[in-house]
Amino acid sequence: MARARKPADAPVDPSQPVIRIRDLYRIYRMGGSEVRALDGISLDVHRGEFVAIMGPSGSGKSTLMNIVGCLDRPTSGSYVLDGVEISNLDRDRRAEIRNDKIGFVFQNFNLLARTNALENVELPLLYSARTDMTDAERRARARRCLERVGLAERWDHTSAQLSGGQQQRVAIARSLVNDPAILLADEPTGNLDSRTSEEVIAIFQALNDEGRTVVLITHDTDISQFAQRVVAFRDGKIISDHQVVDRRRAVAGSFEDAAPAPATPASPPAPPAAEPVDEPAVAAGGRGLP
Amino acid sequence: MTKAQNILKVAVTALGRNKLRSLLTTLGIIIGVACVVATIGIGDGARIQAEDQLRSLGTNFLMIYPGSITSGGARAGFGASSKLSYEDLDAIRREIQDVTYISATNRTTQQVIYGNQNWSTSIQGAETDWPLIRSWNIERGQFFTDQDVRSANKVCVLGTTVVQNLFGSEDPIGKIIRIKNLPFKVVGVLESKGGSTMGQDQDDTVIAPYETVRKKLIGTTAVGGILASAASNDMVQRSQDEITALLRQRHRIVKASDDDFIIRTQTEMLQQAEDQSRTMSYLLWSIAGVSLLVGGIGIMNIMLVSVTERTREIGVRMAIGAKGKDIRAQFLVEAVALSIAGGTLGIFFGLGIQKGVARFAGWPVAVQPQAIALAFAFSALVGIAFGFYPALKASQLDPIEALRYE
């Protein structure tokens, strides 16, 4: 899983930031009023960083995540991802970028139902512009990614047969399969209990240790302390950006064994219906910023 | 797993997830396609049979019947005129070059008795050209002679149905049967022809000399009808015109008046049979069309439901790099798979209906590969036409909204 092969675009200068955002605005017009979801953001994320984007509901962090994830376009400003200017790309081109450069991990896992773990992990490869890969190569690649998250043994389990933590690990494997420039995790522990959360965070830390860039969106101050750097948002603006002084290390041990008994029934196996989708910080109630 | 295989697999899985719903959705297509297949098979079978039977009536023949007469403004029906005379027949025989064979005919229904068996059947009077016009061969014995006709001899030729009913396995040649208490000597047996277009058994008949039937069984001077045959198919029309002109002249019919005779040709009858089967196919085709339309709407409906149900899935696929066209292809393939599955079932049902009809109605049913191909193409077309909008709608979803969808 070396990051060596990267044929997508022109050679990228590794000293350049992988994410380079300048004067980014995202303005929603609703009736007469306008909402400045992002109000002139500038931000650099360098290769190999582990950045937590923090902020309460409505702070603009979800909007930022949508733009960084190439799902949305800024109203104005520049966003360069891995050497490619994104802000003026059309739908299809952004889909290609998402496939090639971004590994998404969602709060509610978003695995396909009635599809086994291996096929879920394989899915991004099927939408890939790289058509030179054989079926066997795809399969092998997906299997390696599942091994990486300790679920090789359960490749044929469907999401209904996996615990919440296991589903999220399959999702992480899926995010890795196209060897993306960044991992973009949106509240990845939001639906997990604290022990399982730590297992999942441990995987992100391990991947980051190997040199992967991780952008983690969270409202949870505790979780942000696992990152190297915390960028805090409020009202569409960055209000603080600092390195984590006393970085926490997640306990990595348990996930390496392939079958951590789902002793944590707190996490529902399927995408939960009761959970607020957008900004779970509402439920957490005004957690303070660092 | 290639991309195409993946799309197909996803489609099949999605359909398999809700089998009953998929089946109900395709019901319209199943009925429509079954209709198409059955229609073409049965329609063609019926047409072929009608044509065969008409052809079996003879070759290039014309039938001349006395027509309606008008007396005091009231028009009597078909056959009411007794103006057709044997002299007319002689005139046709003499003057119309294109007519090769001609025979006077008449008909009566009588009880026929042999030993302790009896059977009611139609007795047809005919002359010696008759078997040539009807292209009807003698199986055993021989046809009666001109001498028999002239002398009104009591001889006859039997159809196979009459033979079976009166004689069983006994040889009828040389035996005496009784018609209207008169003894008739059986001189021949016609070969079997089967049913006619109207459904009657052509073999259920007794042929006797024209003069015998006229004098001894009916007792009239009028000619029942004249059966003639033209030298070739393209002479039929000309013969008809010539006979019409001749008879009008002989009957002194003024320009504006109707003919007092009717001429029907084999060509006309074929045409009529074709028109009938065409009307029948239009009817079945419109049923098929409506079914396919309803089926298509059903597919569109269920695909729209499916798109809504799987909004989140669409969002996930888009997030990990599926383009609009990938999503569109996926749902289009699903709609087409649905309609083709329905179409395939429909083809089998249609073939079943054909078989059933063939067995019960005794029609020859032609299973036509092009009908099956057509039905298949129709169902695929319906899938594409009605699956396109839902697929387009799916492909235009906003991934952010779709991911948020509960």
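Predicted model: local features only at pLDDT ≥ 70, side-chain atom pairs only at ≥ 80, totals over all residues.

Reader: How do you know how far to trust chain A, given its average pLDDT?

Author: pLDDT is the predictor's confidence in each residue, from 0 to 100. Chain A averages 83, and 82% of the residues score at least 70. Over residues 1-9 of chain A the pLDDT is below 50, and beyond near neighbours in sequence this stretch has 9 contacts in the model. Residues 254-290 of chain A are also below 50 in pLDDT, with 71 contacts in the model beyond near neighbours in sequence.

Reader: What makes Phe109(A) buried or exposed?

Author: The count of other C-beta atoms within 10 Å decides, with the C-beta atoms placed from the backbone: 20 or more is buried, 12 or fewer is exposed, and in between is partly exposed. Phe109(A) has 28 C-beta neighbours inside 10 Å, so it counts as buried. Its place is in the loop between β6 (102-105) and α3 (117-126) of chain A. Phi of Phe109(A) is near 65 degrees, a positive value in a residue other than glycine.

Reader: And which class does Ala152(B) fall into?

Author: Ala152(B) has 17 other C-beta atoms within 10 Å, so it is partly exposed. Ala152(B) sits in the loop between α5 (146-150) and β7 (155-158) of chain B, and it too is not a glycine but has a positive phi, about 55 degrees. For chain B as a whole, buried residues make up 42% of the 406 residues.

Reader: Why is Gln111(B) put in its class?

Author: Its count is 12 C-beta neighbours inside 10 Å, so Gln111(B) counts as exposed. Gln111(B) is found in strand β4 (residues 99-114) of chain B. A contact here is two residues whose C-beta atoms, placed from the backbone, lie within 7 Å. Not counting residues up to four places away in sequence, Gln111(B) touches Asn118(B) and Ser120(B).

Reader: What makes a set of residues a nonpolar core?

Author: The members are buried Ala, Val, Leu, Ile, Met, Phe, Trp, Tyr and Cys residues joined through C-beta atoms within 7 Å. The largest such core has 123 residues, and Ile53(A), Ala173(A), Val215(A), Leu216(A) and Val37(B) touch the most other members. Helix α2 (residues 19-56) of chain B gives the largest share of this core, 13 residues. Leaving aside neighbours within four places in sequence, Ile53(A) has contacts including Val215(A), Leu216(A), Val231(A) and Phe233(A).

Reader: How do you know that β9(A) and β10(A) pair?

Author: Two strands pair if DSSP finds at least two bridges between them. Here 6 bridges join β9 (residues 229-234) to β10 (residues 237-243) of chain A, so they pair, and they run antiparallel. The bridge partner of Ala232(A) is Ser240(A) in β10(A). The two strands form a hairpin with 2 residues between them, and Asp235(A) in the turn has a positive phi of about 55 degrees.

Reader: Why are β2 and β5 of chain A said to stand at the edges?

Author: The open sheet has 4 strands in the order β2-β1-β4-β5 (chain A), with antiparallel pairing. β2 (33-45) and β5 (84-85) each have a single partner strand, so one side of each is left without a neighbour in the sheet. Further in, β1 (residues 19-30) and β4 (residues 76-81) of chain A pair over 5 bridges.

Reader: What span is expected for α11(B)?

Author: The expected span is 1.5 Å times one less than the number of residues. α11(B) has 38 residues and reaches 53 Å from its first C-alpha to its last, close to the 56 Å expected. Gly362(B), with a positive phi near 70 degrees, follows α11(B).

Conventions: Residues numbered from 1 in each chain as written. Chains lettered and ligands numbered in written order.
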